[in-house]
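Subject: Structure for you to look at

Hello,

Here is the structure I said I would pass on. Please open it first and then read the notes below it.

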Amino acid sequence: MSADRSPRRLRRLRRLRRRKDVPSARLVRATAAVGVLVLTASGCVTVHGEREVVPTATKSEAARALSDFTAAYNDADEAFDPALDADRVTGALGAINQAGLKAQRASSPTGNPNHVPLKLSDTRFVIPKKAGWPRWFLTDSDANRGNGSDRWLLVFTRATPDDVWAVAYLTVVPPDQVPALKTDKDGYAEAVSANSDEVAVRPADLSQNYANYLQQGGEVFAPGPHTSDWRTQREKSASLPGKSTQYVDQPLTSDTYAPLALRTADGGALVFFATRHFEKQTAAQGLNLNVDANVRALMTGEAKSSITLERVSNQAVLDPAKSAADRQVRFLSRIQGLTGARGE
């Protein structure tokens, strides 16, 4: 072994190399630390942003969303083309709107001969403060529909900053039935959590409770056209001469069908929620079922002896405060539409 390759020489060379590598190693560690710091700082901003309670929209943003929705809604209604407003409706209203337009287009492929543009005026924007996503707000407008005095309440929602605002719920009520909502000193409303225990029924449970009520009855909901009266109507139609009818009701709570709630001035909540309903009609042997054009447009199979109608319903209810003397949930409005049919 030569002197240049002696063990002592090799050990000294290794020590020198390690010393020369120190700055580089320190630089790598420092760079990594900076990267971690940047990521951590960025993460903190995101996390804190998700936790911070902020207005869900500006008034100008909400006004633009309403204008965009109205324009798309009118285009789709005039052409009977669901594609023209598909990105401006979602959830329960989206299911009802899109199926309705599809059925009407089948009957009138050239468009709506009776189209009258929807006009919304005298709008009040109800913007809550909340943390995280999805974000949503409510518009309360006069509409040139029906008797001309009803108010249209539209619930706009979006799941991410990249989404456009779309309407998930529509409620139509007389002006004197629009509930007073709680607002802060800046005019912002208060969103009520789906799991809130401060109301008679948690908003997250209303859809399942309503499905159960329609099947079994109960005391959760106050009597009225969408509760006790509807159950009575179903019982009468369950067994008619030549036809029997069965009903199945299901909750709708996930994703764009999630319930949304605002605090009312009396401490309760105005809650919007959705349900799905099936109606199976079976004809007696030798009899035929009458299937109208709108049903046929959405139907699969052939209605030889039975047909199952599928509907989606969107509800607006007043959910009293847990401390209220009367804790029954009261319906303000219910809008449903046929979304599918199956013949057998």
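**What was found**

S333 is found in strand β14, which covers residues 330–343. Please keep in mind that the model is predicted. S333 counts as buried because its relative accessible area is 6%, and the cut-off for buried is under 20%. Which residues does S333 touch, leaving aside its neighbours within four places in sequence? S333 is in contact with T171, V172, V173, H226, N314, Q315 and A316.

Next, the aromatic rings. A pair of aromatic rings is described by two values, the distance of the centres and the angle of the planes. The count for this model comes to 10 aromatic pairs. One of them joins F69 and F156: the ring centres are 6.0 Å apart and the planes stand at 85°, so this pair is edge-to-face. F69 belongs to helix α2 (residues 59–79) and F156 to strand β5 (residues 151–158), so the pair ties together parts that are 87 residues apart in sequence. Both F69 and F156 are buried.

F137 and W165 form an aromatic pair that is also edge-to-face, with 4.8 Å from centre to centre and 70° between the planes. Here F137 comes from strand β4 (residues 135–143) and W165 from the loop between β5 and β6, so the pair ties together parts that are 28 residues apart in sequence. F137 counts as buried because its relative accessibility is 0%. W165, at 5% relative accessibility, counts as buried too.

W230 is a separate item. Which charged ends sit over the ring of W230? The charged end of R234 does, 4.5 Å from the ring centre, and so does the charged end of R334, 3.9 Å from the ring centre.

In soluble globular proteins, nonpolar side chains tend to be buried together. The largest nonpolar core in this model has 24 residues, and L138 and Y169 have the most contacts inside it. At least two residues of this core are supplied by each of α3 (91–107), β4, β5, β6, β10 (260–263), β11 (269–283) and β13 (306–319). Another core, of 20 residues, lies apart from it and has A57, A62, V89 and L154 among its members.

Regards

Definitions and conventions: Residues are numbered from 1 along each chain as its sequence is written. This is a predicted model: local features need pLDDT of at least 70, side-chain atom pairs count only at pLDDT 80 or more; totals for chains, interfaces and linings use all residues. Side-chain values use heavy atoms; hydrogens and water are left out. Helices (H or I, at least four residues) and strands (E, at least two) are DSSP runs, numbered from the N terminus. Buried means under 20% relative accessible area, exposed over 50%, partly exposed in between (1.4 Å probe, protein chains only). Contact means heavy atoms within 4.5 Å. Rings of Phe, Tyr and Trp (its six-membered ring) pair if their centres lie within 6.5 Å; planes under 30 degrees apart count as stacked, over 60 as edge-to-face and the rest as tilted. A charge sits over a ring if NZ of Lys or CZ of Arg is within 6 Å of the ring centre and within 35 degrees of the ring normal. A nonpolar core is a set of buried Ala, Val, Leu, Ile, Met, Phe, Trp, Tyr and Cys residues joined through side-chain atoms within 4.5 Å.
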